[in-house]
Amino acid sequence: MERGNPGLLTDGDYRAVFEASPDAMLVVDSEGVIRDLNRQALSVFGWSREEMEGSGVERLVPAAIRSRHERHRLSYAEEPRARPMGEGLELQALRKDGTTFPAEISLSPGKLRSGPGHVICTIRDISSSERMRWLSRMKLMAAEHERNHLSRELHDEFLQFLVAFKIRGKLLVGETDREARERAWAVIADEILNAIQGLKRLIRGLRSPKLEQQGLVSALATLFRDTRKVHGVTIRASLSLNWAADELDPVTVLAVYRIIQEAVTNAATHASVSDVAVALRSAAGMIIAEIRDEGCGFDPGGVPSDGHIGLIGMRERAELVGGTLTVRTSPGEGTTVTAAVPMAGPGGKR
């Protein structure tokens, strides 16, 4: 390298580029030994420089796939070229603490003065990208789930009513007995009233006017009454709040309401219980909602896809307003859903 020419980069310049890379970078020799690495590699993997330099690169791979990784490394050494590693595969890398993360890895043969056969590895932690893709898929599934739900409600209740109404209307055309005709009209009137009430319930499930007009507590009271009427499940509510509804950010209020709505509906329809306990309180700048039932519980790992969507939706609502959501359950042991979200004023200030 011509060090005297100011137009050329020096060894120090190249080292600075190596260290400034936003991705983890390793230099690995032909034996699979790490000979150099940048600061980002230390941050990503959690090891010290002393621990990583001179160690085998396989220590950064989950134990279950180390032998396979070694075979791929040896195969690459026979015909090295710049390329992504594991094209079409979901690659995993291992941190010092034993956790793994999805990784995007690129390999490039390095022509270094320290010797032939070195490979420059670039490792990018794509956890956030994978999470965003996963959330996008789940949102699409949730939207499809909601469309299917609306389709079932409209078909099973309202379409059937319209069909029955049409049939009764035809029968009335030929009915000459006045008393029979009046009885038929009374039946139709009752069915119309039931359809109106059912439609109102469906609308309240999609959008709660009381939440917008009268606040969280009133909207929850309506939700609890509807749950008792529709499902026969009593809600035992306990409220201990030191704030007024109009003091909170509407987005926070909506998140709390929807989480409680989803958890109560799940318990009423799946837990096989006659009552559900709902506690809503504020403490240390947080709103804490706990929905508990003593029902059948479930295995979180065995929840069907539509059930996962409900759980994911609650957790996502909590996280969107800076909160958390936990679910404690097991078969035969009941279920407790706990959401904790920061209180926020109308302007979103904590």
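How many of the eight residues of β11 are buried? Hi everyone, let's start there: eight of the eight are, so β11 is largely enclosed by the rest of the structure. Buried here means under 20% relative accessible area, with exposed over 50% and partly exposed in between, using a 1.4 Å probe and protein chains only.

A quick word on the model. It is a predicted one, where local features need pLDDT of at least 70 and side-chain atom pairs count only at pLDDT 80 or more, while totals for chains, interfaces and linings use all residues. Residues are numbered from 1 along each chain as its sequence is written, and side-chain values use heavy atoms, leaving out hydrogens and water.

Back to β11, residues 335-342. Both of its faces are covered: T335, V337, A339 and V341 are buried on one side, and T336, T338, A340 and P342 on the other. Strands, by the way, are DSSP runs of E with at least two residues, and helices are runs of H or I with at least four, numbered from the N terminus.

Which sheet does it belong to? An open one of five strands, in the order β7-β8-β9-β11-β10, with mixed pairing. Two strands pair if DSSP finds at least two bridges between them. β7 and β10 stand at the edges with a single partner strand each, so one side of each has no neighbour in the sheet.

On one side of β11, β9 pairs with it in the antiparallel sense over eight bridges, and A289 stands opposite A339. β10 is also antiparallel to β11, joined by six bridges, with V327 partnered by V337. Those two form a hairpin with five residues between them, and G332 in the turn has a positive phi of about 80°. For contrast, β7 and β8 pair in the parallel sense over seven bridges.

Now the helices. α9, residues 250-270, lies across β7, β8, β9, β10 and β11, running at about 5° to β9. α8, residues 216-231, lies across β7 and β8, at about 165° to β7. Contact means heavy atoms within 4.5 Å; axes are lines fitted to C-alpha atoms, for helices over the stretch in contact, and angles run from 0 to 180 degrees between N-to-C directions. Buried residues of α8 include L216, L220, L223 and F224. After α8 comes G232, with a positive phi near 70°.
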